[in-house]
Amino acid sequence: MAGRPIKVLIAKPGLDGHDRGAKVLARGLRDEGFEVVYTGIRQTPEMIVSAAVQEDVDVVGLSILSGAHLTLLPRITGLLRDQGMTDVLVTAGGIIPHEDVPVLQEAGVAAVFGPGTSIGQVADYLRANVKPRDA
Amino acid sequence: MTGLAVGDQGRALAAAARAGDRRALGRLLTEVEGRSPAARAALVELYPLAGGAHLVGITGPPGAGKSTLVTALVAAARAQGRSVAVVAIDPSSPITGGAILGDRVRMQQHAADDGVFIRSMATRGHAGGLAVATVDAAAVLDACGFGLVLIETVGTGQGEVEVAALADTTVVVQAPEMGDEVQALKAGLLEVADIVAVTKADRPGADQAAASLRAMLTVGAQHDRVAGDRPRPRRPEVLLVSAVGGTGVVELLAAIDRRTPTAEDSASGRGNAARVRAEAQLVGLVMERVRDRLSGVAARDGLAEAVRAVAAHESDPYTTAERLLAGIMVTSHE
């Protein structure tokens, strides 16, 4: 299926309600030619993973500012593995201390984008790292 | 990958999806959206198993409350223990091809419910192909046991009725601030409605909007019986709903259910909506295949040269089109 736009789920797990960054990224990726499913704030790991399964996305982008990333993000990558979504690329953005990044990477988060990342950088990273579909 | 292997893959996805594998269903819908050979193989298996579901189109202007109403209908149907699928369509950018698929924002309360399956689709600039992809997606969900399939269209203006018209039942969603009575007199969207849902009934003016819609939509009804075979616009019922207040939603679902195609309709293929849908799908598929083959012919015989010759007025487009069509017919025998 050549030419299928890359499909990205943007979700905010947990309780913080600050979604400006997530919305700006969603809009920016739209302008970069991605199909962006936006689920909004206050999502549980279960809601995010079933949305990823139903939408069959290539990327799950998680925006989190609350500090609960070490709890919620490994839970999401674990549930994705349980669902057989091992080929989906999981990325995170928001306020995540540098020392936590290796922990998240160990848990299956491919990349962490902190404040100051440009939309172009995110788009380039996704284009380079989404696994092509064999069908 | 060979054609056979792709066919096997499509059939395997279809079997797994029917067995309740949500991941397989999600993947299969991706194939359907991409109009892939695997999807064709799957649809050949699944189409005969579909036909039992009630396909309901939900359409209306942007911001009228379609997604909110769909969410409320899903909740009402779930309260009755029914499984529900939603196909939510949002527009692709004609410039970048990107899209924001934002209908799920209102529907996420149902995301983790196994009796609900929600899929967003972008329009992807399909010329007429969106209808085919949508009907195929609905058929897949139907064959996988979802008895109620809600198809939420893009926010429409006055003329885009194509996708909504393919459902068994079409609900046109109008907000109270829809404009004056003249809006209800105009041709287009309201003519394909079986049900008009006036949303945001908790707001001032909703009663008046419903009343003026009822009055205007029944104008000319007395002529229907003498119209003979002349096509007539539908005469929709007008219902007031407030998804936020929870009023009118159960009544709307009941009105939708009253329009469920009968088993005889499905078995005979005589239901009017089923026939309209089948015709649109067949014509759409033939057009899709012709476009595919035209690309093949273009690659082999140089469409670019034909385009150049017509643009330069060296050839006329009619003779050139006939020649391309002849090339397609040859290809189809290969």
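**Stop 1: the sheet**

Select the open sheet of six strands, which has the order β5(A)-β4(A)-β3(A)-β1(A)-β2(A)-β3(B). The pairing is parallel. Keep in mind that this is a predicted model. Now pick out the edge strands, β5 (111–113) of chain A and β3 (99–101) of chain B. Each of these pairs on one side only. Turn the view and follow the twist: from one strand to the next, it averages 25°.

**Stop 2: a helix on the sheet**

Select helix α2 of chain A, residues 45–55. What does this helix touch on the sheet? It packs against β1 (7–13), β2 (35–43) and β3 of chain A. Show β1(A) as well: the direction of the helix makes about 170° with that of β1(A).

**Stop 3: two strands of chain A**

Stay in chain A. Select β3, residues 59–64, and β4, residues 89–94. How many bridges join them? There are six, and the strands run parallel. For one partner pair, click A:V59 and then A:L89 in β4(A).

**Stop 4: where the sheet passes between chains**

Select β2(A) and β3(B). These strands also run parallel, joined by three bridges. Click A:V37; its bridge partner in β3(B) is B:L101.

**Stop 5**

**Stop 5: chain B as a whole**

Of its 334 residues, 41% count as buried. Look at contacts in chain B with a separation of 6 or more: residues 24 or more positions apart account for 75% of them.

**Stop 6: the core**

Bring chain A back. The largest nonpolar core has 127 residues. Select A:V36, B:V140 and B:V149, the residues that touch the most other members. Then select helix α6 of chain B, residues 129–143, which gives this core its largest share, ten residues.

Finish by zooming in on B:V140. Which residues is it in contact with, leaving aside neighbours within four places in sequence? Select B:A17, B:L28, B:L29, B:V32 and B:L46 to see them.

Definitions and conventions:
Residues are numbered from 1 along each chain as its sequence is written. Chains are lettered from A and ligands numbered from 1 in the order in which they are written. This is a predicted model: local features need pLDDT of at least 70, side-chain atom pairs count only at pLDDT 80 or more; totals for chains, interfaces and linings use all residues. A residue is buried if 20 or more other C-beta atoms lie within 10 Å of its own, exposed if 12 or fewer, and partly exposed in between; C-beta atoms are placed from the backbone. Two residues are in contact if their C-beta atoms, placed from the backbone, lie within 7 Å. A nonpolar core is a set of buried Ala, Val, Leu, Ile, Met, Phe, Trp, Tyr and Cys residues joined through C-beta atoms within 7 Å. Helices (H or I, at least four residues) and strands (E, at least two) are DSSP runs, numbered from the N terminus. Two strands pair if DSSP finds at least two bridges between them. Axes are lines fitted to C-alpha atoms, for helices over the stretch in contact, and angles run from 0 to 180 degrees between N-to-C directions.
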